[in-house]
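The sequence and structure come first.

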There are 2 protein chains.
Amino acid sequence: MPQITAVTVEDVRFPTSLTGDGSDAMNKDGDYSAAYVVLHTDSSDTTGVPLAGHGLTFTIGRGNDIVVAAAVQQATRLIGWDLDEMAIDMGGVYRFLTSDSQLRWLGPEKGVVHLSLAAVLNASWDLVARRAGKPLWKLLTDMTPEQLVAVADLRYLSDALTRDEALEILRAKEATKGDRLAELARTGYPAYTTSAGWLGYDDDKLRRLCQEAVDAGYGYIKLKVGADLDDDIRRCSIAREIIGDERKLMIDANQVWDVGQAIDWVRALARFEPLWIEEPTGPDDILGHAAIRRAVAPIGVATGEHCHNRVMFKQLFQAEAIDFCQLDTGRLASINEIVAVLLLAAKFGVPVCPHAGGVGLCEMVQHIAVLDYVAVSGDLTDRVTEFVDHLHEHFTDPCLVSDSGSGTAYVLPREPGYSTRMWPESVDRYRFPDGNYWATAAATPALTSGGAPAAAAL
Amino acid sequence: MPQITAVTVEDVRFPTSLTGDGSDAMNKDGDYSAAYVVLHTDSSDTTGVPLAGHGLTFTIGRGNDIVVAAAVQQATRLIGWDLDEMAIDMGGVYRFLTSDSQLRWLGPEKGVVHLSLAAVLNASWDLVARRAGKPLWKLLTDMTPEQLVAVADLRYLSDALTRDEALEILRAKEATKGDRLAELARTGYPAYTTSAGWLGYDDDKLRRLCQEAVDAGYGYIKLKVGADLDDDIRRCSIAREIIGDERKLMIDANQVWDVGQAIDWVRALARFEPLWIEEPTGPDDILGHAAIRRAVAPIGVATGEHCHNRVMFKQLFQAEAIDFCQLDTGRLASINEIVAVLLLAAKFGVPVCPHAGGVGLCEMVQHIAVLDYVAVSGDLTDRVTEFVDHLHEHFTDPCLVSDSGSGTAYVLPREPGYSTRMWPESVDRYRFPDGNYWATAAATPALTSGGAPAAAAL
């Protein structure tokens, strides 16, 4: 029987802190990184090439090695798994990986062991889709409602969503899936850009990048805010001046405020009519988000990139705390948990606008957005998926956005898998700390080890 | 200037899965473990012995090495810290350790990096107390309200508790601290036992241990439930038969139920009149706990051992979700975060009954309970702190319970520090995987590696 024969997990870090890419009020100097899992097999894909599954989770530098260490423990348990069994029972793979009560203690279902679980399960889903010769969105939208519900983790959700309700939601979309797929094949899935608005960019660069985004056809643009109110007012003015009144402006505070402060600050920016305020306070503060939402309406509240599991999303919906659900493909435990969140969002009528950027997140979210529209929500209203234009060159099947006339959109991926396979050359060069880039960079004062002398000491 | 010169972090695991100690409906085979941090200095304590700080967090086996890896990174940053500066600014130590935005991404404030932070900060507080020649409870109760608030992390809490309110709470207790200390010196702090009720014990052992608990003077006894309702009814009957109607019975489900199931199950056990149902559902489910509490009253709802930070506790209080706050000294980021939770609990009028058991948790919670009564809540009503009678022999200053006539109680610790120093011989013997115990045990099928072949492969 074909099976998983070995696993490798690599600590890959890109020196994004050198350019200010990704800088925001909470995270000033991230080095975008991936804990990158490869599941090797004794089999070949549909084209005869040795078959492997590739998955990752995203971190911003130091500590990526800790996630790698956890992923090694989890992924190693998959050695010997039968690929045929995986193909028909990814719910079983999920339950097997989450059944270790000793590892569970370290979360449960949060933090390092959940990030690493996401990487391992992302690789598993990539493997299954590659073996089937389908892009992951296709594998998932080909599933019946019963099959999708069988892979979803609905534990702890039954007070908000029963299994029967989940099936009902999916069955209601079943007959018209083909129409929506044909539509996405024509138009792509709507995208917005954060590339313009990092806090580390000066006004001239902000102005130039906003103009480039407009020229590229973006109807939505996002700015980072929250470090200094005067700066925010000036930057929002510049952005509005360039993008005009028609296009949407979003703002993102990356968790820097307490609840009362968030309300005051957002009200001070209300005249720029942001579509949403993203991460206005601590990501665990469900009731805080609900209070902010009540106070700043009609400005929407968005969060999710640090929302660590489906139980937290359930409560964000129950408390009517958010207008936009920004689930993260590196933080939730892959498709099994994401399907549960998509179903909850559909039940509560909250649009899903996945978080992306980072490394590899854009590659993954395009599959999720398609799944949501085609099989779960059946709706594009207020849906737009984040796109950040960097680090795609490290992937063998990079995501693609283009303007088909109705605004910039993700083009449907065509290659088999989850689009998460990196070029071996990129992994070799940026492996921390021994890849060629870091071995050389380390000879000079290395930004990545600035705050933690022991980063490489494990 | 006296300073921290080196750190060691050890992976210490005890083979508790061999005896069923610690077995519950979620965690069937835990090997109680400690990620054990020692901060070495170039100084001596008040008796001339080389001075070091000792701290730990508690896990249940596999993955303890991951916590150790994270603790190494965090603790190493403390090398070179001036001990005089630490003594007057533990708030600064906390902010320094939590200021690394790259490591923060791996939580934030949850999971492995928060467990490891707890261990490092616990060692820091032990160090400061030892240097002062005081038990930690004494160091803390000697602080002024301003000093206590200065070490507390109040971020994200201001919608529930302002700094001024925190000061008010503490100032109101200031004049009478001495009275309450004198009372505790006489009576000790009330304790309850979980030693009798692990799921892995058979009925005869349950019966015998309940009788022993009664004979030892316990007025509160806790049973694990949630695996099988018929078993639970039989076990609760046995316990009630032995302990009578006067003594309190608590039950603990360790997160196994969905919300609706929890309500049904607890109602089926209502005739045994439990004081509380502990961890009825997933620990992140604030609104779920609130729903259960409304449905099972007057049975109380208790949770906290997996409540990962102060923001979650804030919401448990805001949502009126719990009757008892079971904060955990290995999961919250030590005194800095615990003081914030004690203040919140006092403001909302919820009694704090710290979670203990495990390894070293009993040693720590006795200090917290004293702090709460003497300086924060000023109240013993409905307060009782968990005690489990195992693994204390591995500590140089083990906690002590005794019956002074009004029920079994923790005796006030007298030795300097946080009571978290382990015997070097214990660390050597149980260090995983190379300590003498494990090196020998590994020659036979080792329970600790049953589920994860890679546990030792990092």
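In chain A, the centres of domain 1 and domain 2, taken over C-alpha atoms, are separated by 24 Å. Domain 1 of chain A covers 4-135 + 423-449 and domain 2 covers 172-410; such bounds come from an automatic or database domain assignment. The model is predicted: local features need pLDDT of at least 70, side-chain atom pairs count only at pLDDT 80 or more, and totals for chains, interfaces and linings use all residues. Residues are numbered from 1 along each chain as its sequence is written, while chains are lettered from A and ligands numbered from 1 in the order in which they are written.

**Domain contact in chain A**

Domain 1 of chain A puts 30 residues in contact with 31 residues of domain 2 of chain A (contact: C-beta atoms, placed from the backbone, within 7 Å). On the domain 1 side, strand E2 (33-44), strand E3 (50-59), helix H3 (90-98) and H5 of chain A each supply at least two residues. Helices (H or I, at least four residues) and strands (E, at least two) are DSSP runs numbered from the N terminus. H5(A) gives the most to this side, with 7 residues.

**Chain A as a whole**

Chain A has 18 helices and 12 strands. Its radius of gyration is 21 Å, close to the 23 Å that the globule rule gives for 458 residues, so chain A is as compact as a globular protein of that length. The radius is taken over C-alpha atoms, and the rule is 2.2 Å times the number of residues to the power 0.38. Along the principal axes, the C-alpha atoms of chain A fill a box of roughly 65 × 60 × 45 Å.

**The three-stranded sheet**

An open, antiparallel sheet of 3 strands in chain A has the order E1-E2-E3; two strands pair if DSSP finds at least two bridges between them. Strand E1 (4-13) and E3 of chain A are the edges, each with a single partner strand, so one side of each has no neighbour in the sheet. Neighbouring strands are turned by 20° against each other on average, direction ignored. E2(A) and E3(A) pair over 9 bridges, and Tyr36(A) has Leu56(A) in E3(A) as its bridge partner.

H1(A) lies across E1, E2 and E3 of chain A and runs at about 175° to E1(A). Axes are lines fitted to C-alpha atoms, for helices over the stretch in contact, and angles run from 0 to 180 degrees between N-to-C directions. In chain B, helix H1 (residues 64-76) likewise lies across E1, E2 and E3, at about 175° to E1(B).

**Contact between the chains**

The contact takes 61 residues from chain A and 61 residues from chain B. H1(A) provides the largest share of the chain A side, 7 residues.

The table gives the residue classes of two contact sides.

Chain A can be laid on chain B with an RMSD of 0.0 Å by a turn of 180° and a shift of 0.0 Å along the axis, which is the relation of a two-fold axis. The superposition is by least squares on the C-alpha atoms of residues with pLDDT of at least 70 in both copies. In chain A, the C-alpha nearest the axis belongs to Gly111(A), 2.1 Å from it. The same surface serves both copies, as 100% of the contact residues of chain A recur in chain B.

Technical notes
Contact = placed C-beta atoms within 7 Å.
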